[in-house]
Amino acid sequence: MTARLIDGKAAAAAIRDQVAVRVTEFEKRTGRVPGLATVLVGEDPASAVYVRSKNRATTEAGMVGFAHNLPDTISESELLDLIGELNADERVDGILVQLPLPAQIDSTRVIETIEPSKDVDGFHPMNVGRLGTGLPSLVPCTPYGCLHLLKSELGNLTGLDAVVIGRSNIVGKPMAALLLRESATVTIAHSKTKDLPAVVRRAHIVVAATGRAEMVRGDWIKPGAIVIDVGINRLPTDDGKGRLVGDVAFSEVVEVAGAITPVPGGVGPMTIAMLMRNTLLAAHRRAGLADPEGL
Ligand code: NAP
């Protein structure tokens, strides 16, 4: 059996197009366009690439971007002052601080300083708690993108067995909360889980978010399962350019699964699309408007 490929690139493009249409409507109603502030500290090449893509997507959606690129020598209090300014700036609907931050800065304190209504990453404890208790919130972009792909594949997730491998605050835990909200039966696995292959083999939905290249093997997968690969790992190649692979051994799993996200071109593009969606949503809520339909 060869699995269907879940085209995250196409799904993300459709969401970004929809966001752009809603931005025009928002501007007509409010006289301004939504704004996203990105904060990049230091010069980590991967982080710089991500932030550039986010800034570009903001402009392409017709929103206004405020890019803050800071040296890695910045102190925590200087960064907190900037967050305070962005919290108070009426043109800014969303604030994204690219993680990880340099060692002298406590990222928890930074996240807690972001005004929850502008927390488009959905990492503030207020938004985390609201997601956990089933209240409207801003939801982390990557797991929300995974959920969108799963719902497009499966429709209703009620009663399906789902295994999320990884329990980070950014991916694993919010992914599990979202699946639970859809009434899936959710197991969260992690590095201390006993007999992980047997746990994964029970699942109709597998979400892999471990940061371990090609860890999930073909014989772990129940035939026909839907596999979402969140991992982004660069393996060395002879030409020195490296090769991107996920947390799933794609060539094995594609023979067993019912559908699978490729790496690249699966979950990655959805993260940026959902960031655009969250910024639009935050702008609506801050303007006292109903949430935009269909997003
Ligand atoms: P993380 O914070 O390092 O968390 C990794 C999780 O995987 C931890 O909960 C860890 O368990 C678990 N784990 C590690 N080794 C394991 C093993 N051998 N067996 C079972 N569980 C294991 O990583 P993250 O931020 O969640 O990211 C995960 C992956 O997704 C990375 O490849 C990252 O690059 C990628 N990612 C992609 C996007 C995107 O847009 N596509 C966005 C974010 C992240 P413990 O808690 O027990 O240590």
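**Strands, cores and helices**

Author: The model is predicted. In it, G94 of β4 is the bridge partner of L36.

Reader: In which sense do β2 and β4 pair, and over how many bridges?

Author: Strand β2, residues 35-41, pairs with β4 in the parallel sense, and the pairing runs over four bridges.

Reader: Which way do the residues of β4 point, and are they buried or exposed?

Author: G94 and L96 point one way from β4, whereas I95 and V97 point the other way. All four of these residues, 94-97, are buried.

Reader: Changing topic, how many residues has the largest nonpolar core?

Author: That core has 47 residues, and V19, L150, M175, L179, V207, I228 and V230 are those with the most contacts inside it. Among the elements that give two or more residues to this core are α1, α6, α7 and α10. The largest share, ten residues, comes from α10.

Reader: What does M175 touch?

Author: Leaving aside residues up to four places away in sequence, M175 touches P143, C146, L147, L150, V164 and V207. Apart from this core lies another one of 21 residues, including V163, A203, V216 and I260.

Reader: And how do α6 and α7 pack?

Author: Their axes are 9 Å apart, at an angle of about 40°, and the crossing is right-handed.

Reader: Which residues make that contact?

Author: From α6 come P143, Y144, C146, L147 and L150, and from α7 come P174, M175, L178, L179 and R181. By class, the contact has nine nonpolar residues, one charged residue and no polar ones.

Conventions: Residues numbered from 1 in each chain as written. Predicted model: local features only at pLDDT ≥ 70, side-chain atom pairs only at ≥ 80, totals over all residues. Heavy atoms only, no water. Core = buried A, V, L, I, M, F, W, Y, C linked by side-chain atoms within 4.5 Å. Buried < 20%, exposed > 50% of the residue type's maximum accessible area, 1.4 Å probe, protein only. Contact = heavy atoms within 4.5 Å. Axes fitted to C-alpha atoms, helices over the stretch in contact; angles between N-to-C directions. Left-handed = near helix turned anticlockwise from the far one by under 90°. Nonpolar A, V, L, I, M, F, W, Y, C, P; charged D, E, K, R; others polar. Pairing = 2+ DSSP bridges.
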